[in-house]
Amino acid sequence: MGKYLAVISNSIKKNLAYRANTFILMISVLFSFGVLFYFWNSIYMQGNKVGTYTLSEIISYYIFITIFELLFTSTNTAWSIGDEIRNGQITNSILKPMGYFEYKFSQSLGVIFYRMMLFVPVIALVLFLLRNYLTQPKDDYGYLFFIILSFLAFILNYIIYYIVGISSFWVVDNNGFFFTCLVVISFMQGQWMPLDLLPTWFVTLGNYLPFKYLFFVPVGVVSGRSAFEYSMLIIPLLWCVSLYFLAKFLYKKGIKKYEGYGV
Amino acid sequence: MKDMGFRKFKKYLQIFLQLQRINLMKRMSYPVSFIMSCSTVLLTMVLSLLFINVSFSFMDNLAGWTYYQMLAVVGSYMIIECIMWAFFGQLNAINFHIMEGTMDGILLKPIDDQFLASFWRGDPEDFMRLITGSALVVVSIENTIGLDFLNLSLFLFLIFNGTVILYSFNLIVRSVSFWVIDGSGLWLLMERVTSNSQFPVDIYYNKIVRGALTYIIPLAFVATVPAKILTNRDIDFQLVELSFVMAIFFFFVSRYFWKFSLKHYSSASS
Amino acid sequence: MCKTYEFVEKQPGIKYSFKNLFKAEKKKKEAVNDVSFSIEEGELIGFLGPNGAGKTTTLKMLSGILTPTSGKVQVMGYEPIKRQKEYKMQFAFVMGQKMQLWWDLPPMESFLLNKKIYEVSDEDFKKNLDEMVELLDVKGIINKQVRQLSLGERMKCELIAALLHNPKVLFLDEPTIGLDVVAQKKIRDFIKKYNKERKTTIILTSHYMEDIAQLCKRIVIIDLGKIVYDGQLDDLIAKYASNKKVTIYFEDGVTKKEVGKFGNISEFESLKVSFEVPRNDVKNMIGGILTSDLIIKDIEIDEEDIESIIRNIFTK
């Protein structure tokens, strides 16, 4: 256990090293929320409306999406795995007395904690300033459900990006592939626009994929757009489990191939 | 004297071409990846368009901009972003070299360092943006005032100015890395701010904000102004003039700040 | 004719404390303090010193990357920090740890880029390229991607890229770092030959003794930002090498106890022992061993390792 904690704390330290950048990041996050709010407010002021979303609902949507984007995404996992495979560093990880999946997970946790340290104060400030525009969950325990869903979302997010990263065992230049994955995933998790505004065939397609549980579903619950259902817990859980096994399988296959050909 | 100027121009042109060739060759050494990247850029453009379409299915106009006029705004933005990515690589190379310590190699070459650092990296897959951007502009022209040579020429001129402005802005933000080494946070902020320039500045009801976006961080000139000129019979020549003045002003400010930051960089220990 | 001339440089650096996010502890670090020297055209001079001694900082001031805090730097009549184009056209800087070649492309593409940047004519380019490719024996690899080359091959190509424009001054920062012994030798031979034939002034930094010993007649030793020695390598050995290395090969195995009384043991194996013996005592020491009971097979007397000479200087 201690070694995982060490990895987490190293990850945090590494990120804190750039002090000025840290402050700049905090300010820019504040501004990002401001820009977001101002933009949608302007649109609605003109009398426009986006689908069935009221002003508060659309602002809540994008605010929470941004919060998720800031705190819970593990895209860096994919990139760092890709780098480690490319420059041979992954061989060191094999020699360490801990699983690669668990190792990267600890690193990812470190990044998350670092981000929380930075951004939670800013986010709290934003939520306070915009409290009149935020919508509430439909259910009594809405916030509790939201926390559980977020936790699941984070795990699922990590596993998905881990798999994307592991693909580097087979893909020679991963820039193109990663880029494609990033764009597709970010769109399908609802980062660009609310998924329920898209044509029905698209929505149906999305139901068969795990991505909507990454952002869209938790955000829907906390902003009151959707009532909580138990399927929201079970389905992502099933995805986590099956993708976890897929991840382990792929890693085993990949590392065998990798060591076989040498660095 | 004139001959020297011509030789210098030829030298810079040759270096520019060699860099483009290098960047293209880099991509071509992994053809599958390159095709994927191109497709993804295309996909990104399509999704942007989808967003616009979805939005406009709920409203007929956005602050006075009709759907086809809006296409001109988005198209202009795509064209300028194409140049920023394909030729300048969004100036990512500058950040990269400073962090890796390889900026020194660029500074020691007998050629203008801003030129070399700016064109060092380019992403050819982003030429897809030019295709989609131009397509949108063409559709927009057809559905608004039709082809008018004066409007079109001014439009191209304004696109050029918009590019210069965005480039200068980007350069200023990147130059901050000479002071703090990892300036990526600031760029993240700028990216969010500039990505909003694909919406007409008129959506902001507050005069002060609109003013700021026109005179202080002149994002209005990136997409809003070119689109306005392109799709309106009455040409606001003052805007055209202003766009030109802004471009020149920001270019010199950014160049000055670049040189100033370099001076600081060479006095601090690396 | 004086090619390079320097006076005094001083350079403070600033260190930030990483521990505390909200308080920046600024400590002044003097990377180079009062370094003065002058170099003639065509010299092959080596800067030696431990890591962080100020060697790289000195090179950076000579090339114009860093501004000295005080003092004057002049190379070929130019002030490097002014970064004039004419000056840049005449020197090259190769950094052993930072590559300037494009990673995913063959070195040839980087050569072509440099050709354009340094305004090298087609004839000169071909001539220089062919000569150096021949000397370094890299004909087969200049059209292979850099990432597929070994470290030694990469370094050779880095050198070629730097020398295509026939610079008058060449700065080499740790050129053989990380290379295997064979590659190191090849690079050294090339540098030696190049300096001899083209009379290029070469300033080389290294923490490998062998680089300096093989290449430089004159060495400058820097430690903690100050010059500790500046002069001919041979003089250095004569002045500071107070000891000689005496190696004795024994017929039968010996123990440390048996031979310890003859002198300071620097290397020990049961059949072969090396001693550090003060110059004046060598005769006596050998006499002593020969008249003892131990059966001697062979004796070698060498100059002291340059490593230990340098160590002596630092401990004085």
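Of the contacts in chain A between residues at least 6 apart in sequence, 81% join residues at least 24 apart. The model in which these contacts occur is a predicted one. Chain A contains eleven helices and zero strands, and its pattern along the sequence accordingly reads α-α-α-α-α-α-α-α-α-α-α.

Taken along the principal axes, the box filled by the C-alpha atoms of chain A is roughly 65 × 45 × 35 Å. Buried residues account for 39% of the 263 residues in this chain; a residue is counted as buried if 20 or more other C-beta atoms lie within 10 Å of its own.

Chain A also meets chain B, in a contact that takes 31 residues from chain A and 31 residues from chain B. On the side of chain A that touches chain B, helix 2 (19-45) and helix 8 (174-188) of chain A each supply at least two residues. Helix 2 of chain A provides the largest share of that side, 13 residues. By residue class, the side of chain A that touches chain B comprises 19 nonpolar, ten polar and two charged residues.

Among the elements of chain B, the highest mean pLDDT, 94, belongs to helix 6 (residues 113-119) of chain B, and the lowest, 79, to helix 10 (residues 184-195) of chain B.

Attention now turns to chain C. Here four strands form an open, antiparallel sheet in the order 13-14-12-15. Strand 13 (264-269) and strand 15 (296-303) of chain C are the edge strands, each pairing on one side only. From one strand to the next, the twist averages 20°.

Within this sheet, strand 12 (residues 243-250) of chain C pairs with strand 15 of chain C in the antiparallel sense over seven bridges. Ile248(C) has Ile299(C), in strand 15 of chain C, as its bridge partner. A helix accompanies these strands: helix 10 (residues 282-290) of chain C lies across strand 12, strand 14 (272-278) and strand 15 of chain C. The direction of helix 10 of chain C is at about 15° to strand 12 of chain C.

Note on methods. Residues numbered from 1 in each chain as written. Chains lettered and ligands numbered in written order. Predicted model: local features only at pLDDT ≥ 70, side-chain atom pairs only at ≥ 80, totals over all residues. Buried ≥ 20, exposed ≤ 12 C-beta atoms within 10 Å, placed from the backbone. Contact = placed C-beta atoms within 7 Å. Pairing = 2+ DSSP bridges. Axes fitted to C-alpha atoms, helices over the stretch in contact; angles between N-to-C directions. pLDDT = per-residue confidence, 0-100. Nonpolar A, V, L, I, M, F, W, Y, C, P; charged D, E, K, R; others polar.
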